[in-house]
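Please read the briefing below alongside the sequence and the 3D view, which are shown here.

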Amino acid sequence: MVGLSVGEKHFIQGGIAQDLRSDGRKRLTYRPIYVETGVIPQAHGSARIRLGATDVIASVKGELGKPSALQPDKGKIAIYVDCSPTAAPMFEGRGGEELSTELSVALQRCLLGGKSGAGSGIDPSSLVIVEGKVCWDLYIDGLVISSDGNLLDALGAAIKAALSNTGIPKVNVASETSGDEQPEVNISDEEFLRFDTSGIPVIVTLTKVGRHNIVDATSEEESQMSSAISISINRKGRICGLTKRGGAGLDPSIILDMISVAKHVSEQLIDKLDSEIAAAEADEEES
Amino acid sequence: MAAKPGSAPTTYSPSLIQKTRPPIFKDNDLDWVRPDGRGFHQCRPAFFRTGAVNSASGSAYAEFGNTKVIVSVFGPRESKKAMMYSDIGRLNCNVSYTTFATPVRGQGSDHKEFSSMLHKALEGAIMLETFPKTTVDVFALVLESGGSDLPVVISCASLALADAGIMMYDLVAAVSVSCLGKNLVIDPILEEESYQDGSLMLTCMPSRYEVTQLIFTGEWSTLDINEAMQLCLDACGKLGKVMRSCLKEAASASQE
């Protein structure tokens with residue numbers, strides 16, 4: 001994918017070993033994060049995140065639907081990611097499809113928690129309007145505009161920003177209906193409800209190059225990885241999801257080490273992201 | 001199908017000290033048992049058989065309780081012309097369900113998520129450099145879904161690869177653990193999976209003690225992760241032995 005000469009490979013690996021990466025960062029430093037919210041007026045909430053040359057957009061849309069029979073007290077949340085061929089020629093056709101599914105699955109796993117909804121960033125029971133009859137279906141869509149590594153962290157951050165930007169219209173149930181009838185609902189276009197986004201985890205991907213872990217790898221650095229672990233961690237320091245990429249096997253104790261490193265990094269990332277989101281929201285209101 | 005008595009150890013439950021946590025189910029719920037009567041750390045008996053499909057280069061059948069899967073391996077064969085030159089081999093994985101595998105009649109279509117998980121779990125164990133320019137196909141079919149489908153598919157696939165004579169560093173054994181309330185239950189069945197608060201799946205190469213794939217969902221504390229990983233690693237080690245003995249049995253039977 002990324003064509004690198006032997007010299008360039010050595011340069012990247014040697015830099016990582018000496019804690020000075022080719023763009024001047026240390027191993028555990030992120031690239032500057034730029035957040036913009038409200039970029040898609042058609043959606044209920046949206047955000048754009050830039051991490052170096054990686055550029056992603058996330059949008060949140062709610063639709064009224066019916067809760068599934070198995071879980072009548074929970075709304076549905078779906079996450080899809082689309083890799084546009086404008087970002088890289090390899091995203092065209094099947095190549096993009098594979099990456100899209102991989103990212104969607106990883107995000108669902110990292111952000112939506114277990115089947116019963118435990119550990120989920122958004123409480124699915126907060127989406128229910130009338131139990132067993134009406135609920136919000138939340139569609140979260142991510143779009144990769146430009147890719148320079150670390151897509152998962154960027155998408156995770158974009159979804160977090162988009163959700164804190166989201167206002168779901170308040171729904172008034174018109175009248176009490178009995179039996180199996182669908183209740184009449186009235187969607188307010190003035191009152192909006194906001195989500196509690198404090199519990200939404202951030203995703204930290206640790207990429208292993210040689211014997212060292214780095215965060216926020218660029219695509220050149222990613223091409224040199226032996227394996228990578230994406231860990232989603234919430235503000236309380238609890239692990240909400242984990243996926244591993246890359247084939248090479250890891251010793252279990254190394255994985256536990258990586259988890260504790262990720263925990264440490266995540267604290268700074270959450271603070272940074274929260275302040276960026278707050279600044280972006282303030283900007284949006286001014287304009 | 002049932003395992004021959006005395007032929008191989010059929011259970012791979014981890015031997016762990018009974019944990020000292022207080023039970024979460026108080027009073028009359030104290031004697032809470034799993035739907036199939038197993039202990040929390042007790043696995044279903046595992047049954048493996050190689051050579052399930054004659055036309056394939058290698059194949060295996062696995063049966064863990066109600067979960068039944070069949071995996072066949074084809075190749076190595078020449079990669080498609082459209083593919084770029086590669087000096088290492090390619091692995092192509094596909095997991096599909098039969099229409100009658102699930103309680104509700106399904107579509108029987110490919111399971112993309114599992115296919116990519118299977119690929120990621122196996123690629124680290126296979127010596128891809130031993131068959132450059134070629135592709136190995138791994139097709140898994142879930143005949144009956146009874147919970148812990150993916151771990152069973154992965155273990156069965158690595159056995160099928162071994163049966164096909166594909167060079168591997170080690171067999172890959174996979175085990176999952178579900179978190180129900182505060183309890184960790186190993187090798188969950190379908191019913192338990194639908195109520196789980198979190199799950200962890202670990203695939204590892206037991207003899208090398210290396211984790212090839214690890215997935216968690218739900219909210220976990222570091223302590224729980226430690227405990228769940230230990231459980232899985234212990235179970236994987238034992239499952240690896242069961243798989244190995246199945247291969248040995250097949251090899252000695254063909255010599256006779």
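**Helix 2 of chain A**

Helix 2 of chain A (residues 94-112) has 19 residues and, at 1.5 Å a residue, should span 27 Å, which agrees with the 26 Å between its end C-alpha atoms; the expected span is 1.5 Å times one less than the number of residues. Helices (H or I, at least four residues) and strands (E, at least two) are DSSP runs, numbered from the N terminus. This is a predicted model, in which local features need pLDDT of at least 70, side-chain atom pairs count only at pLDDT 80 or more, and totals for chains, interfaces and linings use all residues. Residues are numbered from 1 along each chain as its sequence is written, and chains are lettered from A and ligands numbered from 1 in the order in which they are written.

- Among the buried residues of helix 2 of chain A are G96(A), L99(A), E102(A) and R109(A), buried meaning that 20 or more other C-beta atoms, placed from the backbone, lie within 10 Å of the residue's own.
- G113(A), which follows helix 2 of chain A, has a positive phi, near 70 degrees.

**Contact with chain B**

- In chain A, 27 residues are in contact with 33 residues of chain B, contact meaning C-beta atoms, placed from the backbone, within 7 Å.
- Strand 12 of chain A gives the most to the side that touches chain B, with 7 residues.
- Strand 12 of chain A and strand 9 (residues 210-220) of chain B run antiparallel and are joined by 3 bridges, where pairing requires at least two DSSP bridges.
- G241(A) stands opposite T217(B), which lies in strand 9 of chain B.

How values were computed. A residue is buried if 20 or more other C-beta atoms lie within 10 Å of its own, exposed if 12 or fewer, and partly exposed in between; C-beta atoms are placed from the backbone. Two residues are in contact if their C-beta atoms, placed from the backbone, lie within 7 Å.
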